[in-house]
Amino acid sequence: MVELKRGFRTSEVSRLTGLTPRQLDHWDRTGLLKPSLAGAAGKGSTRFYSFLDVVQLRVARELRAAGVSLQALRQVIEYLRAEGLKQPLAEAKLVVSGSDILLVRGQSELVSVLNAPGQGVLQLVLDLPRMVKKVEQEIAKLKEPA
């Protein structure tokens with residue numbers, strides 16, 4: 001199990017998420033996903049991201065790759081931050097369906113994250129428990145000598 005209090009530098013987050021340092025910088029500056037442990041404080045300062053930040057960035061990358069707009073992505077991230085405090089995200093799945101993103105918890109709860117009307121075709125399912133586990137495994141690899 002990963003130590004959840006540990007902070008991750010931009011270079012580590014880039015390796016863990018597949019996002020470039022430039023993309024991380026852009027998302028920080030625009031407020032999409034800011035590092036929760038320490039933000040940039042001028043030239044040469046180091047950002048520190050939490051474990052939850054890394055998972056959210058990984059989810060954001062997958063959703064962008066699936067064609068989710070930045071506006072919708074902002075809504076999803078805000079929703080996940082609020083829901084993550086109530087129930088562990090490691091017990092949920094995200095489903096991209098047409099113009100909506102659904103959060104599936106357990107076997108009986110399905111919530112529209114974007115509250116989009118209408119029906120769509122299922123495009124992508126993000127298995128958050130698997131993603132959390134994968135991020136934990138990749139963090140363990142960071143500790144291994146190169």
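Start by selecting G18: just after helix α1, this residue takes a positive phi of about 85°. Helices here are DSSP runs of H or I with at least four residues, numbered from the N terminus. Before moving on, note that this is a predicted model, where local features need pLDDT of at least 70, side-chain atom pairs count only at pLDDT 80 or more, and totals for chains, interfaces and linings use all residues. Residues are numbered from 1 along each chain as its sequence is written, and side-chain values use heavy atoms, with hydrogens and water left out.

Now step back to α1 itself, residues 10-17. Six of its eight residues are buried, so the rest of the structure largely encloses this helix. (Buried is under 20% relative accessible area, exposed is over 50%, and partly exposed is in between, using a 1.4 Å probe and protein chains only.) Pick out T10, E12, V13, S14, L16 and T17 to see the buried ones. Then show α2 (21-29), α3 (51-65) and α5 (128-143), which are among what covers them.

Next, select D25 and R29. They form a salt bridge, with the closest N and O atoms 2.8 Å apart; the term means a Lys or Arg side-chain nitrogen within 4 Å of an Asp or Glu carboxyl oxygen. Both sit in α2, four residues apart, so about one helical turn separates them. R29 is exposed at 58%, while D25 is partly exposed at 23%.

R47 is buried, at 13%.

How values were computed. Helix = DSSP H or I, 4+ residues; strand = E, 2+ residues; numbered from the N terminus. Contact = heavy atoms within 4.5 Å.
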